[in-house]
Amino acid sequence: FFLWLWWNFFRAAMRKIVQRKNLILLGLSLSIFAFLVHSFGDFDLYNPSLTTITFFILALAVVRLKENQQYCVQNSVLTKTVLLLIMVMVIFLGGMNLREILAGRKAKQSVELINKNRLSEGRAMLQRALSYQPDNPAYWYKLSAIDRHTAFLQKDFSALKKAIESMQKAIALNPDPA
């Protein structure tokens with residue numbers, strides 16, 4: 001699909017550039033072409049800011065192509081299906097990112113509370129972060145550190161037991177930092 005997108009764009013662009021001598025479209029096409037050639041050696045499409053710029057330039061070029069209705073969609077059923085799939089993916093990935101963002105905020109708040117020596121509130125906030133991302137080993141390590149610190153301050157054996165359980169969960173998820 002990725003190659004098909006670029007092939008169709010460049011084929012339509014070359015036709016229009018040759019027929020109408022459209023220099024703006026030529027410049028946009030060459031900038032996209034230069035980016036894609038550069039991506040053979042250094043894959044920059046993983047970077048959202050660069051990808052956004054590339055697809056923005058592509059959108060500008062497509063607008064230039066559609067000025068005379070030369071670039072049109074052949075199969076509307078295929079277009080609707082692809083758009084539906086893209087919308088489903090955006091909703092799914094957006095939900096995944098939302099969970100990560102919420103977990104990150106809760107973890108940041110927990111660190112702020114812990115720095116103010118409000119350990120129980122910090123622990124509760126970190127557990128909220130874990131409810132969004134239960135497989136994040138960094139959160140489990142932090143929870144273990146809080147419980148260990150609480151156990152030594154209050155001489156509480158149950159807190160030490162919680163610290164050990166949290167550390168075991170963190171090690172099971174990612175043994176490298178341990």
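Predicted model: local features only at pLDDT ≥ 70, side-chain atom pairs only at ≥ 80, totals over all residues.
Me: Where does N117 lie?
Reply: N117 is exposed, with a relative accessible area of 64%. It has a positive phi of about 60°, although it is not a glycine. As for its place, N117 lies in the loop between α4 (76-115) and α5 (119-132).

Me: Is K155 buried or exposed?
Reply: K155 is found in the loop between α6 (137-154) and α7 (157-173), and its phi is near 50°, a positive value in a residue other than glycine. Exposed means over 50% relative accessible area. Because K155 has 74% relative accessibility, it counts as exposed.

Me: How many helices and how many strands does the chain have?
Reply: Good thing to check on the picture above. Read along the sequence, the pattern is α-α-α-α-α-α-α. The secondary structure comes to 0 strands and 7 helices.

Me: What is the radius of gyration of the chain, and what would a compact globule of 178 residues have?
Reply: Start with the box that the C-alpha atoms fill: along the principal axes it is roughly 85 × 35 × 30 Å. A compact globule of 178 residues would have a radius of gyration near 16 Å. The chain, by contrast, has 26 Å.

Me: Which residues does F10 touch, not counting residues up to four places away in sequence?
Reply: F10 is one of the core residues that touch the most other members. Touching here means heavy atoms within 4.5 Å. Leaving out residues up to four places away in sequence, F10 touches S29, I32, F33 and L36.

Me: How many residues are in the other core?
Reply: You can look for it using a few of its members. Among them are A103, A129, Y141 and I146. This core lies apart from the largest one. Its size is 11 residues.

Me: How far apart in space are Y141 and S166, C-alpha to C-alpha?
Reply: Y141 is found in helix α6, and it is buried, with a relative accessible area of 17%. Along the sequence, Y141 and S166 are 25 residues apart. In space, the C-alpha to C-alpha distance is 6.8 Å.

Me: Why does S144 count as buried?
Reply: S144 also has its place in helix α6. Leaving aside its neighbours within four places in sequence, S144 is in contact with A163, S166 and M167. Buried means under 20% relative accessible area. S144 counts as buried because its relative accessibility is 2%.

Me: What distance separates the C-alpha atoms of L113 and M125?
Reply: L113 has its place in helix α4 and is buried, with a relative accessible area of 13%. Not counting residues up to four places away in sequence, L113 touches R118, E121, G122 and M125. L113 and M125 are 12 residues apart along the chain. Their C-alpha atoms are separated by 8.6 Å.

Me: Is T51 buried or exposed?
Reply: Find T51 in helix α3 (residues 48-66). Leaving aside its neighbours within four places in sequence, T51 is in contact with D44, L45 and Y46. The cut-off for buried is under 20% relative accessible area. T51 has 18% relative accessibility, so it counts as buried.

Key. Residues numbered from 1 in each chain as written. Heavy atoms only, no water. Helix = DSSP H or I, 4+ residues; strand = E, 2+ residues; numbered from the N terminus. Buried < 20%, exposed > 50% of the residue type's maximum accessible area, 1.4 Å probe, protein only. Rg over C-alpha atoms; globule rule 2.2 N^0.38 Å. Core = buried A, V, L, I, M, F, W, Y, C linked by side-chain atoms within 4.5 Å.
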